[in-house]
Amino acid sequence: MNVLAELAERAIREAQERGEFEGLNGQGHPLPESCDPFMPETLRMAYKVLKNAGYIPKEVEDQREIRSLIECLEQETDESRKMRQIQKVQLFIIRAKMEHGGLLQEENEKYFRKVVARVTLNKA
């Protein structure tokens, strides 16, 4: 362990022993989700900076829209609406691939295929 890390650990331990971390805001609660779990790890910091500046990239908005549509498909019970929802998701994925090159959509596409494989349509 390097000297700086050891000094930092010692200072933290001493502060804990003195009770300096007791009664802090949020104690006992999980940390807030600060990043999009669907965002590739290599892009998280850049998007966090943009998000803090109030900017949400179009591809992230599209990614969330696709994910939302897929989740709606999982909940759908009406057969004709299932088919329309499947077609709608396919169109959104194709459009997103054309606009953004498919970097973030690959994960949604795999998830979508799994959902469609589980969804059964009754043949009328």
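The following legends describe close-up views of a predicted model.

**View 1. A nonpolar patch on the surface that includes Val3.** The patch is formed by Val3, Leu4 and Leu7, which together have about 330 Å² of accessible area. Val3 belongs to helix 1, which comprises residues 3-18. With a relative accessible area of 61%, Val3 is exposed, because the cut-off for an exposed residue is over 50%.

**View 2. The span of helix 4 (residues 79-100).** Helix 4 contains 22 residues, and at 1.5 Å a residue it should span 32 Å. The C-alpha atoms at its ends lie 31 Å apart, in agreement with that expectation.

**View 3. The buried side of helix 4 and the face turned away from it.** Lys82, Gln85, Ile86, Val89, Phe92, Ile93 and Ala96 are the buried residues shown in helix 4. These residues lie on the same side of helix 4 because they cover an arc of only 130 degrees around the axis. On the face turned away from this buried side, helix 4 carries Leu91 and Met98, which are exposed.

**View 4. The largest nonpolar core, made up of 12 residues.** The members of this core are Ile66, Leu69, Ile70, Leu73, Ile86, Val89, Phe92, Ile93, Ala96, Phe112, Val115 and Val119. At least two residues of the core are supplied by each of helix 3 (58-75), helix 4 and helix 5 (105-118). Helix 4 provides the largest share, with 5 residues.

How values were computed. Residues are numbered from 1 along each chain as its sequence is written. This is a predicted model: local features need pLDDT of at least 70, side-chain atom pairs count only at pLDDT 80 or more; totals for chains, interfaces and linings use all residues. Side-chain values use heavy atoms; hydrogens and water are left out. Patches are made of residues with over 30% relative accessible area and no salt bridge: like charges are joined within 9 Å, nonpolar side chains (Val, Leu, Ile, Met, Phe, Trp, Tyr) within 5 Å. Accessible areas come from the Shrake-Rupley method with a 1.4 Å probe; for residues, only the protein chains shown count as cover. A salt bridge is a side-chain nitrogen of Lys or Arg within 4 Å of a carboxyl oxygen of Asp or Glu. Helices (H or I, at least four residues) and strands (E, at least two) are DSSP runs, numbered from the N terminus. Buried means under 20% relative accessible area, exposed over 50%, partly exposed in between (1.4 Å probe, protein chains only). The expected span of a helix is 1.5 Å times one less than its number of residues. The arc is that of the directions from the helix axis to the C-beta atoms. A nonpolar core is a set of buried Ala, Val, Leu, Ile, Met, Phe, Trp, Tyr and Cys residues joined through side-chain atoms within 4.5 Å.
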